[in-house]
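Please read the following report alongside the sequence and the three-dimensional structure.

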Amino acid sequence: MNGLEQFKDRNVSQNYYRVKIEPYPKTPWERFKRVVRRSLRLELFVGLKITLMEMLRFKIHTIQYPKEKLPISPRYRAVHKLLRLLESGNERCIGCGLCEKICISNCIRIDTRPDENGRKIPTEYTINFGRCIFCGYCAEVCPELAIVHGQDYEHASEQRAQFALKEDMLTPLDKLKEQKEYPGFGAPTPAADKLIKKTPLAY
Amino acid sequence: MVKFYIDGKEVVANRGETILQVARREGIYIPTMCYLSKVKPIESCRLCVVEVEGVEGFVLSCQTPATPDARITTDSKELYEHRQNIMKLYDVNHPLECGVCDKSGECDLQNKNLEFRVDSQEFSARDQYRPIQDWNYLQYDPSLCILCEKCVHVCNEVIGDDAIEIEYGGYKSRIIPKDAETLDCTWCGECVAVCPVGAFISKDFKYSANAWELDRIPAACAHCSASCHLYYETKHSSIENPEPKIYRVKNEFEFETLCGAGRFGFDFENREAKKDEEAFKRAIEAFKRADTIKFTSFITNEEALLLQKMKERFGYRLVNDEARAYQRFLENFSQYSGKSLYTPSLYDIEDSDFIILMGSFISSDNPAVRYAMTVSQKRHRSEIVNFHPVEDDLLKPVVTKFVKHEVGSEEAALSMLVDILCDEDAKKRAGKEWLESFDIGYLSAESNIGEEEIEDILKRLKMKKRRGAKRFTLILGEDLYTHPRAENLAKLAGLVDRFSEFDVMLIPPKTNTLGVALICDLDEEEGEFSIGYNQKGDFTLSALGDGDLDMPALNQQEGTFTNIDRRVVPTNVALPYEGYVLNDIAKELGVSDKEYTIEYTKELPKEKGYKEIEFDELDNEFLNDGTEKRGYELEIKKVNLSRKNIEPIEELPEFNGTVIYRCEPVLQFSPFTNKAHQLRTKGKLYASETFLNDLGLKEGDKVNIQKDNITISIEVERDGFIASGAYLGRFDKNIDTESLFKDYRFTEVKIQKV
């Protein structure tokens, strides 16, 4: 039994049954009689019975949003985050431009320049969220796991652009400890260590 | 002609062609890492090996000419493994920084690693500390360097600077400046262009863009008359500013060479220009009032034609002194050579066995000619004789004989050449008066050209001829066109072209001087009210952004130039331009009925050799075998020979006291190069060490240069590239050099220290 049996049974009509529908009222008189009958039989409360009973029993299944939130998949792709290195707090992004290249809706742009130590740094990083389709390619292609998708799906603002600048996406330095590693597309797989071949060193 | 087979395909090699050259021409792929078409095979990578049937082991295809009926295999299992191992060796300790490397995306090492599926490494070597070197416009990272030696060879064999070499030291080997602490060269940047990896990079471009984001616009360089083929590479300026900006210039480095001004002087556009309707109205009024249009040759052929049409309609005088001088010289030359144009091209110079250069400070006047001469010298040891009053140290590695003559004695020098190069017929043609005035003793004494020097040239020429030399070229420059005796000089040059085996080339001084000289009917004298186009006039149109009405710079225009190879080359729009163009004015005046300027390309004068071809039909590329497919070549027409005798040689002018020369420093050509952010500099008096010592000056001193009632205050800079003399440039528009040098390129001045 591999769980596929139910899909292999294509005789879908076996559990069908005919619903008995009483004939529609034809004259206004008949229609009036139906209204009176329905009102006096209190059919409304038949439907409400379950609701009322559950309310009295205090066994509530509703998620109390926004007090309560459902856990979402780690692979959920919400508004992007730019991560920092945990030890030094330096930005992870090296400005290689691969996300800019791979973006299929062409909504990422980076400005880069050499910094005072001669290293390449991104001076500005933007995503046009009006065009972003949240496909996750940028996170997948990123060699440094610097651009990732966040988990935060609640974004309301007056303008989409307000999520799109580098300072909005970058982990603030004081919240470095709260920064979580991204497990979604592009993150190392659990077996990654076994796949690595070591380059020989002469010392 | 050798017939043989590559991978079963029948191919034919010309004499001396190697297997690789034939394969490339035929479109058969053989991988290489160190091969560069324009230099001799370097043979450092051994990736180009092929198998030849019946021959033990592999054969280097880059240096082996094919033998008849040889059967060559370019790919097999053994070859693949051999090449894969080479790539692994290249990868030993190569920093894994592709993510930030400027070359990533267009890197030969990346490409070949992927091609030969290098995914693991067995080899190792101890890594060395090799710090990054910072050399002015360039940066060199030894740890990225794969020591293919392309840069060294191109610097030596094509540029002629010979500024870098390899410091051998096993795994520590690296590129170092030759015989110097730091690199001091002409900054052509060709080492950056040929570098297959990111070892040599341009400091300005570093980390500003990735190879794959840039849009490539094929164009022609707008700075000098060589109009080299190049690509402007553009991208949006920044996140805030979506306007495109030129990030760098690339060239087809396999086949042609760019100088530093072309490579680093790319952002000379007129950026802020907008459609200013008021200014346009004023311009139209000025055109209605004017009787003269003054302009420079930094315009396209189509614009020149528009100016000519305006002249035909309204009778403007077209004034362009430098093009007028060239035009007159060319006309006089034609009447004695029988051809409407000169014949040699830069390719002919590369193939020449004997070159005489006169009247040009070539390393700054036209670097492409210098590179062509270097190629000829390195490839087949040609003799190069240079006649000039200023000693140019940059030409030292190339020039085999330098003849220093007195300022102003070009007529004597050219006459002496006519005497040794031409036969009796030519002298008869020159006429009795000229022959009688040819007093070699007097000329030699006055011009300071020793008779033994001329004999030496003749000896060298005879020696070359004995060794089977075929091609001889005489290259003449702007000194002669501006010379008071230019007319006679042109006639003498015509005689040389007609009566000797020497072909004469006349270097056009500015980008489109040849085009302007052919298309426009130029006038000598200015009228009362002038329109200046890129020149100061009563109403100024300027592409530099400092005039009364803005015009597009040459990287914002499409059109054609007529270059030194007599080729009509197209150039395209790299950057947007929102202002008015010359065609708008012509339309307003009722001269033009076309929407775009380039619709005039097919209307260029056919009687001057232009062809009726639409702009959009013009090619702008190089083929696999290096054939230049750019535009078309002008047709050379027959010209009726003049029957007049050549005038007798005049008494040589005397230049006493302090004499300065007019030429631009290396990396500068015009105010346009000086507008580019990398090349921007203040104009100075550039002087040699001897000149400084003679006048008791030091570098950094302020001096007053006086001539008649003109005084120019200027700083002095020592120029290590010249061994004698001093010069002033015209690239700094704040310095009024024009008024000092009215015609001839040398002038007598008084220099006083302030």
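The sections below treat the basis of the model, then selected elements of chains A and B.

## Basis of the model

This is a predicted model, in which local features need pLDDT of at least 70 and side-chain atom pairs count only at pLDDT 80 or more, while totals for chains, interfaces and linings use all residues. Residues are numbered from 1 along each chain as its sequence is written, chains are lettered from A and ligands numbered from 1 in the order in which they are written, and side-chain values use heavy atoms, with hydrogens and water left out.

## Domains of chain A

Chain A is divided into domain 1 (19-61) and domain 2 (80-186); the bounds come from an automatic or database domain assignment. Taken over C-alpha atoms, the centres of domain 1 of chain A and domain 2 of chain A are separated by 55 Å.

## Helix α13 of chain B

Helices (H or I, at least four residues) and strands (E, at least two) are DSSP runs, numbered from the N terminus. Helix α13 of chain B comprises the 12 residues 410-421. The expected span of a helix is 1.5 Å times one less than its number of residues; for α13(B) this gives 16 Å, which agrees with the 16 Å between its end C-alpha atoms.

Of the 12 residues of α13(B), 11 are buried, where buried means under 20% relative accessible area, exposed over 50% and partly exposed in between (1.4 Å probe, protein chains only). Among the buried residues are Glu410(B), Leu414(B), Met416(B) and Leu421(B).

## A sheet in chain B

Strands β6, β7 and β10 of chain B form an open antiparallel sheet in that order. Its edge strands, β6 (133-135) and β10 (200-202), each pair on one side only. Two strands pair if DSSP finds at least two bridges between them; β7 (residues 138-140) and β10(B) have three. Gln139(B) has Ile201(B) as its bridge partner in β10(B).

## Tyr661 of chain B

Tyr661(B) lies in strand β29 (residues 658-662) of chain B and is buried, with a relative accessible area of 1%. Not counting residues up to four places away in sequence, Tyr661(B) touches residues including Phe361(B), His388(B), Asp479(B), Tyr727(B) and Arg745(B); contact means heavy atoms within 4.5 Å.

## Cysteines

A disulfide is a pair of cysteine sulfur atoms within 2.5 Å, and the count over all chains is zero. For Cys135(A), the nearest cysteine sulfur is that of Cys138(A), 6.2 Å away. Cys135(A) is partly exposed, at 24% relative accessible area. For Cys663(B), the nearest cysteine sulfur is that of Cys224(B), 14 Å away; Cys663(B) is buried, at 1% relative accessibility.
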